[in-house]
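Here is a short briefing to read with the structure open beside you. Take the topics in any order you like.

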Amino acid sequence: MICFNGKIVNENDFKLSYNNRYFIYGDGFFETIKVKKGQLVYWNDHYFRIMGSLCMLRMPIPSYFNSDFLRHNIMTLLKSNQLDGKSSRIRIIFFRNSDGFYLPKNKDFSYVISSEPLDSDLYCFNEKGLKVDVFNQYKLGTCELNNLKTTNRIINVLASIYTKENSLDDSIILNEKNNIVEFTSGNLFLILDGQLITPPLSSGCINGIIRKKILSFNNFLNFKIIEKDIKKNDLINAEELFSTNVISGLSWVSSLGDKKYNNKYTNLIIEKINSLI
């Protein structure tokens, strides 16, 4: 079952017109939320990010569309799918309804909520470590729209295909200035010279929820935690490298080409994140 505009429907009965703006122009965005034992993790952060995305994409927000309303939709769907009390992944897709070409005839939006079970309540350390590389073929712009989780993710798609073709676990995306932006599936952090560093939002990276939480740590493990432009050379000099997203938490990178990374602090950061959920 899925939730479409507040109504629970069978996913097989859900249909969109072939000329929907979501398909033609990618006129929408999505939000992914972790549920731990029936509780929405970091719900307020997710809700305010949704509101910010609706505002930036000029989708008028109805007066009833508040935090309690959307939360109730999600909890009703979890109960319909017998996932209440369990851990799961929620994805909400927002898209503009209107006909028209580039210019929509109106700005109203629809939304679809889906759910699927997760195997673990907490974030788990990936013992094997990820094997990654830098994706150079196409690069992201630095416009603040790239901070949103829009449905225009073609570079991530192509980078993921590159990952598969080269027997990797993930790839690192660059921007037009040749600075490091993020992984295909999450924000990027590295440990270098006593600093825990992640690219700034001005790099074009996603404004991730776990990213935000780590940046809020106050000198955790005696590291200076900063946002800073990262160059390829910083990847080679880093002691540790990891990816973050709200579903997997942190994923340790073990190698980038011939470069090998440690995981001492990454594991401790996972423990810290788990203590917050």
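In this predicted model, a right-handed β-α-β unit is made by strand 7, helix 4 (residues 154–165) and strand 8.

**Strand 8 and its partners**
- Strand 7 (residues 130–140) pairs with strand 8 in the parallel sense, over five bridges. In this pairing, Val134 stands opposite Ile172 of strand 8.
- On its pairing with strand 9 (residues 180–183), strand 8 runs in the antiparallel sense, with three bridges. Here Leu174 faces Ile180 of strand 9.
- The hairpin of strand 8 and strand 9 has four residues between the strands, and Asn178 takes a positive phi near 65° there.
- Is strand 8 (residues 170–175) mostly covered or mostly open? Mostly covered: six of its six residues are buried.
- Asp170, Ile172 and Leu174 point one way from strand 8, while Ser171, Ile173 and Asn175 point the other way, and all are buried.

- As general background, nonpolar side chains in soluble globular proteins tend to be buried together.
- The largest nonpolar core holds 42 residues, and Ile172, Ile214, Leu235 and Leu241 have the most contacts inside it. Strand 10 (residues 187–192) gives the most to this core, with five residues.
- Which residues does Ile214 contact, leaving aside its neighbours within four places in sequence? They are Phe189, Leu196, Ile225, Phe242, Thr244, Leu250, Ile269 and Ile273.
- Another core, of 25 residues, lies apart from this one, and Leu40, Leu57, Phe109 and Leu148 are among its members.

**Helix 7**
- Buried residues of helix 7 (residues 264–274) are Thr266, Ile269, Ile270, Ile273 and Asn274. These residues lie on the same side of helix 7 because they cover an arc of only 140° around the axis.
- The cover over the buried residues of helix 7 includes strand 11 (195–198), helix 5 (209–215), strand 13 (240–245) and strand 14 (249–256).

- Six strands form an open sheet in the order 2-1-6-5-3-4, with antiparallel pairing. Its edge strands are strand 2 (7–9) and strand 4 (39–40), each of which pairs on one side only.
- Strand 5 (residues 88–96) and strand 6 (residues 109–117) run antiparallel and are joined by nine bridges. Arg96 has Phe109 of strand 6 as its bridge partner.
- Helix 2 (residues 43–56) packs on the sheet and touches strand 3, strand 4, strand 5 and strand 6. The direction of helix 2 makes about 175° with that of strand 3.
- Helix 3 (residues 67–80) lies across strand 1 (2–4), strand 2, strand 3, strand 4, strand 5 and strand 6, and runs at about 40° to strand 6.

**A closer look at Thr32**
- Thr32 sits in strand 3 (residues 28–36).
- Why does Thr32 count as buried? Its relative accessibility is 5%, and buried means under 20%.
- Not counting residues up to four places away in sequence, Thr32 touches His46, Arg89, Ile90, Arg91, Lys149, Val246 and Ile247.
- Between Thr32 and Ile226 there are 194 residues in sequence and 25 Å in space, C-alpha to C-alpha.

Definitions and conventions. Residues numbered from 1 in each chain as written. Predicted model: local features only at pLDDT ≥ 70, side-chain atom pairs only at ≥ 80, totals over all residues. Heavy atoms only, no water. Core = buried A, V, L, I, M, F, W, Y, C linked by side-chain atoms within 4.5 Å. Buried < 20%, exposed > 50% of the residue type's maximum accessible area, 1.4 Å probe, protein only. Helix = DSSP H or I, 4+ residues; strand = E, 2+ residues; numbered from the N terminus. Contact = heavy atoms within 4.5 Å. Pairing = 2+ DSSP bridges. Right-handed = clockwise from strand over helix to strand, strands pointing away. Arc of directions from axis to C-beta. Axes fitted to C-alpha atoms, helices over the stretch in contact; angles between N-to-C directions.
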